[in-house]
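Have the viewer open while you read.

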Amino acid sequence: MSDRILEVENLTVDIPVGGGMLHAVQGISFHVDRGETLCIVGESGCGKSLTSLAVMDLLPKKAIRGADKLALAGEDMLGAGERRMSDIRGNTMGMIFQEPMTSLNPAYTIGNQMEEALKRHRNVSTREARDRAIYLLEKVGITAAESRLSQYPHQLSGGLRQRVMIAMTLMCGPNLIIADEPTTALDVTIQAQILLLLAELQREFEMGLILITHDLGVVARIADRVAVMYAGQIVEEGTADQVFNRPTHPYTQGLLDCIPIPGKTDRSKPLGSIPGIVPSLVGRFNACHFAERCTYGTAECTEGNIDMRDAAEDGHRYRCLLDPETCNKNAVREEVV
Amino acid sequence: MSDTVISARDVTRTFMISAGAFRGKKPLHAVNGVSLEVQRGEVLALVGESGCGKTTLAKMLLGLLPTTEGTIEFGGTPVADIERLKLASLVQPIFQDPYSSLNPRKSIGSIITLPLKVQKDPDPSTWRKRAEEMMELVGLAPRLFENFPNQLSGGQRQRVAIARALINRPEVVICDEPTSALDVSVQSQILNLLNDLRTELNLTYIVISHNLAVVEHIATRVAVMYLGRIVEQKDTERLFNEPEHPYTKALLQSVLTPDPSLDVPDTHLGAAYPNPVDPPSGCTFHPRCVNVMEHCSLAAPRTINSGDGFVECHLYDEDSGRGRAVS
């Protein structure tokens with residue numbers, strides 16, 4: 001049991017808006033083990049970022065969080081007060097955000113900010129903090145680490161800033177890192193480097209990693225397990241191999257059809273697409289949120305409640321009324337046509 | 001039978017960048033001697049990292065920025081000699097972010113008919129009908145005519161931007177990152193639409209993108225830019241199957257296809273993007289290149305023709321520039 005770093009059960013986030021209540025996250029459960037990478041993937045507005053903020057207790061003031069269980073390395077975080085949470089954040093739980101320029105303080109040097117992270121949580125001297133900062137900057141592949149300490153964020157390129165962010169997150173040796181779209185603001189070539197770095201560091205320090213992204217290519221390359229979110233719910237979860245090679249939920253299948261793959265997708269044919277748009281999450285809605293856009297949608301899909309169910313393999317679960325056999329047959333048929 | 005729509009010859013655009021209050025200005029060659037020809041009906045993609053000059057080049061092709069050196073010709077006439085209104089009816093842009101490229105205070109109808117008004121179209125009574133036809137063509141319900149941009153989704157807004165670009169039936173459409181602000185499921189809809197419109201209206205596209213998977217799907221020819229120069233240009237299929245320039249190879253490696261059996265690639269592109277005000281000597285790519293040779297830092301590579309395209313790299317130069325570097 002000690003290997004389970006984060007456990008989340010039935011997490012909800014509601015936001016009061018003008019026209020009622022916006023149910024942004026609706027009963028999400030997941031867990032992360034030591035040394036494991038969980039990717040939460042979905043389109044904009046599906047609630048993936050709010051999920052990560054809810055775990056860190058950094059939600060906007062108006063938002064209401066609810067959960068049956070929220071435990072970090074066995075410690076209950078639901079009852080933890082503001083002071084305890086700020087002890088946890090940056091110490092046992094690190095965060096990496098999308099835009100490194102906005103998450104670094106432009107008025108302080110890199111060294112200053114990195115040392116502060118360690119001194120806030122540990123009783124160490126400036127000297128020790130400085131040594132650790134240099135060690136970690138070298139670890140994340142920054143040359144002339146010592147001279148970087150006196151530089152300001154604006155003097156670094158986007159890729160370097162993100163490396164600094166990663167090094168800063170590692171200062172206290174966290175058990176869990178939550179990275180929200182860490183490479184979206186970067187160029188493709190730099191993206192590959194940063195992902196490679198994250199994967200290596202995670203293996204070396206045996207951390208749990210939650211990676212939140214909309215990029216299925218990133219997910220496939222780095223994830224151990226994948227949770228696909230749609231309109232506030234997890235609609236499919238499993239290992240990367242299960243979700244990408246045997247997608248079972250119609251939404252996952254549709255999403256994978258949308259991506260052009262060099263050398264594989266037939267250029268003379270139109271790309272697959274998902275008709276319609278994401279439903280509004282204000283007020284009440286259908287049992288299956290995807291029903292309106294789904295090719296297999298029936299009247300049954302709009303009534304009652306649809307729970308996650310097991311697919312053919314262990315650990316592969318999805319939220320749909322269709323049998324896994326039917327789903328997979330459909331997927332195969334589309335491939336042949 | 002080649003039918004060149006746009007051609008650029010040795011186009012350079014230089015910006016003067018202030019280096020500090022008491023220091024002089026330094027030149028930044030955003031586009032540095034680029035030549036290209038776009039044939040009617042083809043889709044030319046410009047790819048490269050941010051800061052490589054893609055957008056500056058596109059602005060010059062649109063006539064929004066004058067060139068510092070070199071000429072751009074549209075159908076044989078220099079762009080500088082074409083009247084602005086006339087040029088606008090021939091070339092139209094589609095921008096990346098449909099949230100900022102549409103005026104939030106104007107209705108969809110008036111956004112789409114504005115180009116007709118600007119061109120002083122002689123028949124205002126037909127504007128609404130033509131706009132509605134165009135909306136249907138790009139997959140927008142005509143009932144949205146009176147709506148405002150904030151009532152539409154990102155994909156619908158991008159369709160409005162496309163309708164606005166096409167209402168005057170231009171010959172060339174320049175798409176600057178047309179899908180990067182959109183979700184995957186919407187991105188594929190827009191790509192399909194752009195492909196359909198091209199055949200239907202006989203359009204020529206210049207697509208700027210950093211997403212090579214998108215480029216592979218939509219483009220017929222690809223030009224790879226690095227620090228203001230086109231370093232490799234080829235038919236899409238050949239570029240993806242037999243990339244020659246080390247930079248192109250690295251770019252192709254960093255395309256992350258959704259295949260869980262593969263790992264994150266190591267592109268070996270060590271150093272970060274160089275400072276464009278102070279570019280490296282010789283071949284500007286040499287500090288990041290895996291195949292770097294001694295003379296790469298001494299002499300700029302020549303343009304080597306290979307089949308229907310070209311590559312600028314010492315690796316493919318027979319007498320490999322070594323002689324030139326020494327002399």
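The C-alpha centres of domain 1 of chain B and domain 2 of chain B are 30 Å apart. Domain 1 of chain B covers 4-242 and domain 2 covers 265-327, with bounds that come from an automatic or database domain assignment. This is a predicted model, where local features need pLDDT of at least 70 and side-chain atom pairs count only at pLDDT 80 or more, while totals for chains, interfaces and linings use all residues. As for labels, residues are numbered from 1 along each chain as its sequence is written, and chains are lettered from A and ligands numbered from 1 in the order in which they are written.

How do the two domains of chain B meet? The contact takes 14 residues from domain 1 of chain B and 13 residues from domain 2 of chain B; a contact here means C-beta atoms, placed from the backbone, that lie within 7 Å. On the domain 1 side, β2 (25-39) and β10 (229-235) of chain B each supply at least two residues. The biggest giver on that side is β10(B), with six residues. Helices and strands are DSSP runs numbered from the N terminus (helices H or I, at least four residues; strands E, at least two). Sorted by class, the domain 1 side of chain B has five nonpolar, two polar and seven charged residues. In that scheme Ala, Val, Leu, Ile, Met, Phe, Trp, Tyr, Cys and Pro are nonpolar, Asp, Glu, Lys and Arg are charged, and the others, Gly among them, are polar.

Chain A has its own two domains, domain 1 (4-223) and domain 2 (230-336). Their C-alpha centres lie 29 Å apart, and the contact takes 18 residues from domain 1 of chain A and 14 residues from domain 2 of chain A. Here β2 (20-33) and α9 of chain A each supply at least two residues of the domain 1 side. The largest share of that side, eight residues, comes from β2(A). By class, the domain 1 side of chain A has ten nonpolar, seven polar and one charged residues.

Now for the contact between the chains. It puts 42 residues of chain A against 37 residues of chain B. On the chain A side, α7 (158-170), α8 (188-205), α9 (216-222), α10 (240-245) and α11 (250-257) each supply at least two residues. Of these, α8(A) gives the most, with eight residues. The chain A side divides into 23 nonpolar, 14 polar and five charged residues.

On to the strands. Two strands pair if DSSP finds at least two bridges between them.

| Strand pair | Bridges |
|---|---|
| β1 (residues 4-18) of chain B with β2(B) | twelve bridges, antiparallel |
| β1(B) with β4 (residues 69-74) of chain B | five bridges, antiparallel |
| β11 (residues 233-239) of chain A with β13 (residues 317-318) of chain A | two bridges, antiparallel |

To find these pairs on screen, B:Met16 stands opposite B:Pro27 in β2(B), and B:Thr12 has B:Glu69 of β4(B) as its bridge partner. In chain A, A:Glu237 is bridged to A:Arg317 in β13(A).

Chain A also has an open sheet of eight strands, in the order β7-β8-β9-β3-β10-β11-β13-β12, with mixed pairing. Its edge strands are β7 (93-96) and β12 (309-310), each pairing on one side only.

Last come two helix pairs. Two packed helices are described by the angle between their axes and the distance between the axes. The axes are lines fitted to C-alpha atoms, for helices over the stretch in contact, and angles run from 0 to 180 degrees between N-to-C directions.

In chain B, helix α3 (residues 108-118) and helix α4 (residues 127-137) pack at an angle of about 115°, with their axes 10 Å apart. That makes α3(B) roughly perpendicular to α4(B). Angles under 35 degrees count as roughly parallel, over 145 as roughly antiparallel, 65 to 115 as roughly perpendicular and the rest as oblique. The residues in contact include B:Ile112 and B:Leu116 of α3(B) and B:Trp127 and B:Met134 of α4(B). By class, this contact has six nonpolar, two polar and one charged residues.

In chain A, the axes of helix α4 (residues 110-121) and α7(A) come within 8 Å and cross at roughly 25°. α4(A) and α7(A) are therefore roughly parallel to each other. The contact is made by A:Ile110, A:Gln113, A:Met114 and A:Ala117 of α4(A) and A:Val164, A:Ala167 and A:Met168 of α7(A).
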